[in-house]
Amino acid sequence: MALVARTNGLGYHGRMKRLIFLAAFFGLFLTADDRDEAERERMVHDQIEARGIARPDVLRVLHSTPRHLFVPTLQQAQAYQDRALPIGFGQTISQPYIVALMTELLEPSKRHKVLEIGTGSGYQAAVLAALSGHVFTIEIVPELSVSAGVVLKRLGVRNVTLRSGDGYEGWPEEAPFDRIILTAAPRKIPSALLSQLRPGGKLVAPVGNSAFAQDLTIVDKMADGRIKKRSVMPVTFVPMVRKKH
Ligand SMILES: C[S@@+](CC[C@H](N)C(=O)[O-])C[C@H]1O[C@@H](n2cnc3c(N)ncnc32)[C@H](O)[C@@H]1O
């Protein structure tokens, strides 16, 4: 009671000063790791769970993957914001929610061999690596493939194999894949990728002509090889480009 009376006695400005002092004081005892961890917790709660992503293993991996290490130093303070960020070469790391949504839609399991088209920063590959058996990932910009490889190695991720090349061709030597994810948008799903998907497998991709809105599409390949497609929602991805010969 006495404390309440004294606190009240400080007046509004006095109370605010005390609050700011306490926040700054305790902030000094938080390490950078604690702050990143707290930001990830907020990101998962406010951006991902709040929009309906519920698979516990997806939430756990988004919580434990240090997204700030996958973006350029200048972008690190924004790494946990609710948006895509530039990673150089005119490319982006996708918004955290979209990474979580595509991962959930892909339904990865530890038995699965996964193909990703569009390594970019390597963040989506790191998330999938934690939830599947092995990830093969192709990036058309060689410099991005190299820097993604460096970050994945630094984090001790061993079950990702990177290749610099054109994702339109897929990775025939490693096919068939249980899961295929495209993180750049083709006008239509490349036939090489459909043929490299195992019967019973699933592919998730943004598909469409427009540079501003594509359809996030799920493709199921039936046991008899038939293809079933459905659109989930409009999304905006960078286009899947063709390698110049
Ligand atoms: C939205 S970014 C990928 C985000 C990435 N998955 C991440 O976690 O940072 C799309 C990437 O696809 C790459 N890309 C575009 N066309 C491609 C192609 N034909 N083959 C492989 N990669 C391609 C781009 O260079 C870019 O890095």
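Residues count as buried under 20% relative accessible area, exposed over 50%, and partly exposed in between (1.4 Å probe, protein chains only). The model is predicted, so local features need pLDDT of at least 70 and side-chain atom pairs pLDDT 80 or more, while totals for chains, interfaces and linings use all residues. Residues are numbered from 1 along each chain as its sequence is written, and side-chain values use heavy atoms, without hydrogens and water.

Select glutamate 173 to begin. At 54% relative accessibility, glutamate 173 is exposed. Its salt bridge (a side-chain nitrogen of Lys or Arg within 4 Å of a carboxyl oxygen of Asp or Glu) goes to arginine 163, with the closest N and O atoms 2.5 Å apart. Glutamate 173 sits in the loop between strand 5 and strand 6, and arginine 163 in strand 5, 10 residues apart. Strands (E, at least two residues) and helices (H or I, at least four) are DSSP runs, numbered from the N terminus. Arginine 163 is partly exposed, at 27%.

Next, select arginine 198 and aspartate 178. They form a salt bridge with closest N and O atoms 2.8 Å apart. Arginine 198 belongs to strand 7 and aspartate 178 to strand 6. Arginine 198 is partly exposed at 33%, whereas aspartate 178 is buried at 12%.

Then show the open sheet, whose seven strands follow the order 5-4-3-6-7-8-9 with mixed pairing. Pairing requires at least two DSSP bridges between two strands. Strand 5 (160-164) and strand 9 (227-235) are the edges, each with a single partner strand, so one side of each has no neighbour in the sheet.

Finish at Lys202, Asp220 and Arg230, which a network of salt bridges links.
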